[in-house]
Amino acid sequence: MSSWWQMVVVPFLLMFFLTNPVRSQPQTNILVQSCSQVNTNLPNFYRNLNETLGNIRRQLSNNDTYFATSEQPRNSVYVVGQCRNYMSTHDCVACFDFATRSIRSCAPANGARTVLDGCYLRSTHFSFIILCIGLSSTVYAVAQCVETVTPDGCKDCLQVAYANIKSCATDVTDGRAIDSGCFMRYSASAFFDNNKTIDITPFLQDGGSSNKGAIIRGVVGGVVALIILLIIAIFLWYRGSRKKTTPGGGLYGATELQGPMAYSYSELRKATKDFKEDNKLGEGGFGDVYKGIIKDGNIVAVKKLAIGSNGGREVFESEVRVINNVHHRNLIRLLGCCSNGPELLLVLEYMANGSLDKFLYGEKRGTLNWKQRCDIIFGMARGLAYLHEHYHVTIIHRDIKPSNILLDNDFQPKIADFGLARLLPEDQTHISTRFAGTLGYTAPEYAIHGQLSEKVDTYSFGIVVLEIVSGKRCTSVPNESAGEQYLLDHAWNLHETRMHLKLVDETLDPSEYREDDLKKVIEIALMCTQSPVSVRPTMPEVVMLLSDQSRVQNPPSRHNVNLTNIRTQVDNSTSASLSMSNNDATITELTGR
């Protein structure tokens, strides 16, 4: 192979005197399968999809072809397929055929995605998930990136996978980290042929027998952590030895990741007048925010993180590097950071209008008109869609609420605090539950069971939309004797009785909105709060629904929601560690069950 990215797939074998034999595993084990919640009404969509899938299959049928794309822009059909590079052409095509059959079950949805052990297939009209399967001493591992990712993008994607897959316990025999940009897996059983194995022993013998002994002793204490570390080490070795620049770089044209600007602690302390109380802009689960004027005269927001670094300065800077490269008009821009003082600090762009909650039920209540509220809803959806689908690393916010939605001078929304949950200490269970959320806004499967996916943000988005429409706080305790209900209960009851107008904020001018538009927004919000997770739309689908001028084709159903059970589960979860901020109860850590 002539270039480093062709060698990103690095299967290798490490022997530790096994007592148990290994067996080959099937490549068609389904890890992730999801269907779009939006049905297609395009003419000949499935005929065009079949032609596109056929083109992908022909490409993968060529020897040593593991990645293929095909599209019909005129017919809005886009497909990408990829096999693991350790597979034979025959096994690759067989895996693709299996994946094709899987996504056909999504009909009549306009998009689908399936991830198997051996391949990945996605079709669309216009995620990291961690799986641990409950090691002995022989370990097989592989790491792979989509070929359109740049070297640095691949490195960053795999580093995030590494950080997440460590949540698998040390006695777990099979672990995977999956994203749209990369794939990582280790197993105690062989899942590729022996002739595809690379012996990594030479790479471990850097400093003689003493180093080797240290490695072996480390293996005894934690085989999984070492093996995943070796995946990164081998990847970085190939990157260094096969370094090559890609013209234009980036995932679909994205530029190389850049580090944040470094500020000194003394500079930011001076900018905020020693973090004076009068300069405080707000406070939340991740820390207090202060207004500051830096030496060039620009006004910034300085966030003093209330969470420690999960492993020190190096991890903090690595995670902040990911956040720093997020560029979207509906996401707060990170300007820099400081890690050389007694506290970790972030420097963010300053939003003069402050947070959304002040305009919904705070001192500025009643100043937002219907168009501004619609713009805020649409901007939030676009920002979350970017974090989930369009950035090279999937970022799940986990704490979407009005106080984390800031407004610029034109009342356009910018989402704050995205990516910060990645700095929380990792839970040691088999589920990725570094919990960061606010009761009332948090999806029940995450608040109670620690089950994390992009749909957690979808749920929170739906709750915030109901608050934007009603001007009421979802966590306000109702006066039951007066017939009051929690906001979500109230919204569902009005939806079922077709009395949507009664949910509208009384400060809004009725001449500013149409009933059909209002009903559609409420229906989309309720769709986002449904359970199970599979019936909720993704955020890109929400953007489509909001953009479409037609009515919602599949209205939400209360059969998909057990409000009593949700309230009971949330009430039971209050035994976790709580901190109060702006009258919101924020769970700072919760162990998944």
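**Exercise 1. Find the strand that holds Lys304, and decide whether this residue is buried or exposed.**

*Solution.* Start with the secondary structure: strand β15, residues 299-305, contains Lys304. Keep in mind that you are working with a predicted model. Next, take the relative accessibility of Lys304, which is 18%. The cut-off for buried is under 20%, so Lys304 counts as buried at 18%. Now look at its surroundings. Leaving aside neighbours within four places in sequence, Lys304 is in contact with Phe275, Phe286, Gly287, Asp288, Tyr290, Glu343, Leu344 and Leu345. Finally, check the record: an unreviewed UniProt entry places the feature "binding site" at Lys304.

**Exercise 2. Name the residues that touch the most other members of the largest nonpolar core, then trace the contacts of Phe461.**

*Solution.* The largest nonpolar core has 78 residues, and Leu346, Leu356, Phe461 and Leu466 touch the most other members. Take Phe461 and skip residues up to four places away in sequence: Phe461 touches Ile377, Met380, Ala381, Leu384, Ile400, Cys528, Met539, Val542 and Leu546. A separate second core has 33 residues, including Leu49, Leu60, Phe96 and Phe183.

**Exercise 3. Inspect the backbone at Pro532, Asp417 and Arg498.**

*Solution.* Here is the background first: most residues other than glycine have a negative phi, and most peptide bonds are trans.

- The peptide bond from Ser531 to Pro532 is cis, with omega near 5°; Pro532 lies in the loop between α14 and α15.
- Asp417 is not a glycine, yet has a positive phi of about 70°. Asp417 sits in the loop between β19 (413-415) and β20 (437-438), and is buried, with a relative accessible area of 11%.
- Arg498 has a positive phi near 55° and is found in the loop between α13 (487-496) and α14. At 69% relative accessibility, Arg498 counts as exposed.

Terms used
Residues are numbered from 1 along each chain as its sequence is written. This is a predicted model: local features need pLDDT of at least 70, side-chain atom pairs count only at pLDDT 80 or more; totals for chains, interfaces and linings use all residues. Side-chain values use heavy atoms; hydrogens and water are left out. UniProt positions are given in the numbering used here, feature names are shortened, and annotations may be inferred rather than shown by experiment. Helices (H or I, at least four residues) and strands (E, at least two) are DSSP runs, numbered from the N terminus. Buried means under 20% relative accessible area, exposed over 50%, partly exposed in between (1.4 Å probe, protein chains only). Contact means heavy atoms within 4.5 Å. A nonpolar core is a set of buried Ala, Val, Leu, Ile, Met, Phe, Trp, Tyr and Cys residues joined through side-chain atoms within 4.5 Å.
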